[in-house]
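Opening the notebook on this one.

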Amino acid sequence: MTTTSPLKRTALFEEHKKLGGRLIDFGGWELPVQYSGVIDEHVTCRTSAGLFDVSHMGEILVSGGDAERFVYHLVSNNTSLMKTGQAQYSILCYPNGNAVDDLILYRLEETRFLICVNASNTEKDFHWMKEVHELGRFACKLENVSASYSQIAIQGPKASEIIQKLTRAPVSEIKPFHFLEDWIAGVSVITARTGYTGEDGFEIYCPWTEGPKIWNALLEKGGPLGMKPCGLGARDTLRLEMKYPLYGQELSSEINPLEAGLGWAVKLDKSDFMGRDALIKIRDAGLKKKIVGLELKGSGIPRTGYKVFNPSGDREIGSITSGTQSPMSKKSIGIAYIETEFSKVGNKILVEIRGNKIPSEIVSTPFYKRPH
Amino acid sequence: MKYPENYKYTKDHEWAKLEGNQITVGITDHAQSALGDIVFVELPKLGRELKSGETFGVVESIKAVSDLYSPLAGKVVSINDSLVAEPSLLNRDPHSAAWLIKIELKDVAAFDSLMDSKKYISFVETLK
């Protein structure tokens, strides 16, 4: 039996309606999938700037004397290297090494970390974190503060110039994966040089109710520079061109971060973290399957769930996790989870589309590389 | 005027225009708008016999795959090749230049069983 609860709305709901956004149910959130069109928004983000409402993302605050010790134990990346003002991508793993979620940590203070998690995983992550917290008797507090923050991403080559019109803080000097606590349009915000598009850009955290103020101020300054609001459709194609993982597709409770190609964010030489022992065993045994990028050489577009076959077509070796036609190259691109022996760049494989096995090739990623 | 009055329509959001014993088939403006940017079209081989409601091809947007269903039974006698090279024509001119196929009908009288434009417009209203 399924129960339908009313869709959650971000503080920007009325703005999306005014802008003609096409609203859909996205994991229980009523959010725009597109405004002007996915391709237009995608190309605009790559050539000018795109504005995204990502307020549905979850935020969890860890604070107290043991905050650093706790996050070090909790996630895969080396949080002890983070200074105040730094952000870091990391994986939250189960003891068996599989992924609970992927996330970004922000070190707000020596003893305060803000953790940004995937919207649909927020409750699950928070429960898992509390479990880990209780087991280890850490002297720190965990709070789900998701309802306190609106989050707006501004991404693209003009992003820095646009924000700079609204603040005195030197935004162009913020290094990638660093942030500033400053003021934009008179609102207290966290401006982080992070994103999910492969473009230069920022993710801005502000008090929930101030979302529309920041959004409209950015639209007003960005509009004349060609910036447009972008929906979840473009957000997905932008991240896909970069082969960034989407939890539930390229990373999941079935796919561990080593298989997902996220080994760079998994520091097995750390003294401990959830999933470390299992991941060491997995690494030592050799990966059976891997996440790869592929390109179709024949007609069609790879889609989630399509089967992938060996070159002779007599054995299934995996499946597509995400696919689309690249709005930049117009090529049919896909991400697939396949047996390691077929995963080398240049290898030929087959993707089954409506009964036909289409010649395809493993390619180097990201699929899109920024000019300059 | 958005939905031509001399066309008939289906619940799968296709239109059909009758000429002699043939219908021209396309997708409606509502369908192209719901799909968004259309980037891929797959059409059947000439001569294929279709049952009423049978899948005869697909249109794909950036985000989604959508099957095409034959409004009536008959034989495929013509396909619009230009769509394969230029799928976005379906977004720009769905009711005319971006027709998909022509079908020689088994039973011309069956054409009258499809929805007229008024009925289709009110059907689309119920989906909003």
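Predicted model: local features only at pLDDT ≥ 70, side-chain atom pairs only at ≥ 80, totals over all residues.

I started with helix 2 of chain A: seven of its 10 residues are buried, so this helix is largely enclosed by the rest of the structure. Buried here means 20 or more other C-beta atoms within 10 Å of the residue's own, exposed means 12 or fewer, and partly exposed is in between, with C-beta atoms placed from the backbone. Helices (H or I, at least four residues) and strands (E, at least two) are DSSP runs, numbered from the N terminus.

Residues are numbered from 1 along each chain as its sequence is written, and chains are lettered from A and ligands numbered from 1 in the order in which they are written.

**Helix 2, continued.** I listed the buried residues of helix 2 of chain A as A:Val38, A:Ile39, A:Glu41, A:His42, A:Thr44, A:Cys45 and A:Arg46. What do they pack against? I found strand 2 (29–34), strand 3 (50–53), strand 9 (149–155), strand 13 (228–229) and helix 7 of chain A. Contact means C-beta atoms, placed from the backbone, within 7 Å.

**Helix 2 on helix 7.** I looked up the axes of helix 2 (residues 38–47) and helix 7 (residues 232–241) of chain A: they come within 8 Å and cross at roughly 55°. Axes are lines fitted to C-alpha atoms, for helices over the stretch in contact, and angles run from 0 to 180 degrees between N-to-C directions. From the helix 2 side I noted A:Val38, A:Glu41, A:His42 and A:Cys45, which meet A:Gly233, A:Ala234, A:Thr237 and A:Leu238 of helix 7. I sorted the residues of this contact into four nonpolar, three polar and one charged. For that sorting, Ala, Val, Leu, Ile, Met, Phe, Trp, Tyr, Cys and Pro are nonpolar, Asp, Glu, Lys and Arg are charged, and the others, Gly among them, are polar.

**Chain B side.** I checked the interface too: 11 residues of chain A are in contact with eight residues of chain B. On the chain A side, helix 2, helix 7 and strand 16 (316–325) each give two or more residues. That side divides into four nonpolar, six polar and one charged.

A:Ile353 lies in strand 18 (residues 348–353) of chain A. Is A:Ile353 buried or exposed? I have it as buried, with 24 other C-beta atoms within 10 Å. Leaving aside neighbours within four places in sequence, A:Ile353 is in contact with A:Gly300, A:Tyr306 and A:Ile358. A:Arg354 is in the loop between strand 18 and strand 19 of chain A, and has a positive phi of about 45° although it is not a glycine. I put A:Arg354 down as partly exposed, with 13 other C-beta atoms within 10 Å.

**Another backbone spot.** A cis peptide bond joins A:Thr365 and A:Pro366, with omega about 5°. I placed A:Pro366 in the segment after strand 19 (356–363) of chain A.

How values were computed
Contact = placed C-beta atoms within 7 Å.
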